Amino acid sequence: MASTALAVLTFVAVFIRTFPPITCAIDNHGFRGSLTRVHTHSSNYSAAVHRDTRRLAFLAPAPTTSPAIALALQVLAENGVGAYHVSISIGTPPLTFPAILDTGSDLVWTQCAPCTECFEQPTPLYDPARSSTFSTLPCASPLCRSLPSPFRRACNASGGCAYDYRYVAGFTAGRLAAETLAVGGASFRDVAFGCSTANGGYMDGASGILGLGRGPLSLVSQLGVGRFSYCLRSDEGASPILFGSLANVTTGEGLQFTPLVQNPAVPVTGAPYYYVNLTGVRVGAADLPVTPATFGFTSTGAGGVIVDSGTTFSYLAKAGYAMLERAFLSQTAGLLTRVSGAPFDFNLCFEADGGANVDAVIVPSLVLSFAGGAEYSVPRRSYFDAVDEEGRVACLLVLPTGGVSVIGNVMQMDLHLLYDLDGGTMSFAPAVCATV
């Protein structure tokens, strides 16, 4: 396996031409990192819904117009609420900082000195002048050319591969560069990343983003890593993320497989997401009347279902959500008292006894079915929970969307999830994440 990995890395180096092979400080077999959940209490749920709303508008195929591009950057620069952070290091000597784990975007980026306008972050700014391994990416490099053309600025020999993203609420600008990057105990040379020297937005305690999408600029694509997995803890403990040969879901009861699917109308560079085929939804004992069109792709590439670590809650296409809400209302009629969810930005909410555990509220079970026969019995707290500090209001943590359906990170909690890029599958199984 080591010789195969070395051959792949050598090919990448020849293709890029300007870089030596990417190397790992420990071995070529696998490596692991650690994730931290930013917020665990319900008072942040409303803020997460607002942030998710902006992100959902970004999660659309092949944005080409200025408003779409503007919104994409707004999403990238207004992350944080409900996110998971991963600790990474960059440069020589290394600077360690928290970055948002994001399977819905490609670019690895952080703020760089000298910074003319930057958001507040918990760590010192990365200064390329202090690193002996920093280098700019030439304009002709394939990775520079993989940036969407509206984002690229005019290139020159001194400035290298520059980008300038403008949006309604702010901006981010800088240059695409190469640097030594470390995750956990593994380090890699000449990883392309965004070195931003002017930014606007809010990152809620993070200093950058670690993009793990399917496009050419993501970390997994650059390293040629064929698989990665993570297990998101619902409590405050550290969650593991594993790459390469360490990324395995233990076989046994509860292990499920479903194919990763491609958007038939949009290339990976335009929609670098992890699509799956959601074929059915069961509420209690009732199978919803889902058809292939309910969560499928349109002729233009809209729709579909993605698994996304950067979105907090889960969102279903309007027709599918309407079925879900009707089933919940039917099965809770006479048992629960519905209340307005507007103060909390949720649609379907009920009274809950603030003095008792919210798990005592009687709600139907939720099971998602996927292509290949996989079924996910969603844990109760991943789809229904209290949304106020007193525990007096509990809501369905699923909302409608007019675009792509999203399985967000709350619904992924306490689940060991494997993205097998080489095998073209996604595997998952319930897990005690602290032991993974």
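## Cavities

In this predicted model, where local features need pLDDT of at least 70, side-chain atom pairs count only at pLDDT 80 or more, and totals for chains, interfaces and linings use all residues, the count comes to six cavities of 30 Å³ or more. A cavity here is a set of points, on a 1 Å grid over the protein atoms alone, where a 1.4 Å probe fits but cannot get out, and its lining residues have an atom within 4 Å of a point; grid points are joined across faces, edges and corners, and a volume is the space filled by probe spheres set on the points. Residues are numbered from 1 along each chain as its sequence is written, and side-chain values use heavy atoms, with hydrogens and water left out.

The largest cavity has a volume of about 110 Å³ and is lined by 13 residues, of which Val 307, Phe 370, Ile 407, Leu 415 and Leu 417 lie nearest its centre. Two or more lining residues come from each of strand 20 (366-370), strand 26 (415-420) and strand 27 (425-430), strands being DSSP runs of E with at least two residues, and helices runs of H or I with at least four, numbered from the N terminus. The lining of the largest cavity divides into eleven nonpolar residues, two polar and no charged, where Ala, Val, Leu, Ile, Met, Phe, Trp, Tyr, Cys and Pro count as nonpolar, Asp, Glu, Lys and Arg as charged, and the others, Gly among them, as polar.

Six of the six residues of strand 26 are buried, that is, under 20% relative accessible area with a 1.4 Å probe and protein chains only.

## Disulfides

A search of the whole structure finds five disulfides, each a pair of cysteine sulfur atoms within 2.5 Å. One of them joins Cys 112 and Cys 195, with sulfur atoms 2.1 Å apart, and its link is left-handed, with -135 degrees about the S-S bond. Cys 112 lies in the loop between strand 4 (109-111) and strand 5 (135-136) and Cys 195 in strand 8 (residues 186-199), so this pair ties together parts that are 83 residues apart in sequence.

Another disulfide joins Cys 144 to Cys 161 at an S to S distance of 2.1 Å, and the torsion about its S-S bond is about 90 degrees, so it is right-handed. Because Cys 144 lies in helix 4 (residues 142-145) and Cys 161 in strand 6 (residues 161-167), the pair ties together parts 17 residues apart in sequence. Cys 349 and Cys 395 are also joined, S to S 1.9 Å, in a right-handed link with 105 degrees about the S-S bond, and both of these cysteines are buried.

Technical notes:
On a 1 Å grid over the protein atoms alone, a cavity is a set of points where a 1.4 Å probe fits but cannot get out, and a pocket is an open set with protein on both sides within 12 Å along at least five of seven lines; lining residues have an atom within 4 Å of a point. Buried means under 20% relative accessible area, exposed over 50%, partly exposed in between (1.4 Å probe, protein chains only).
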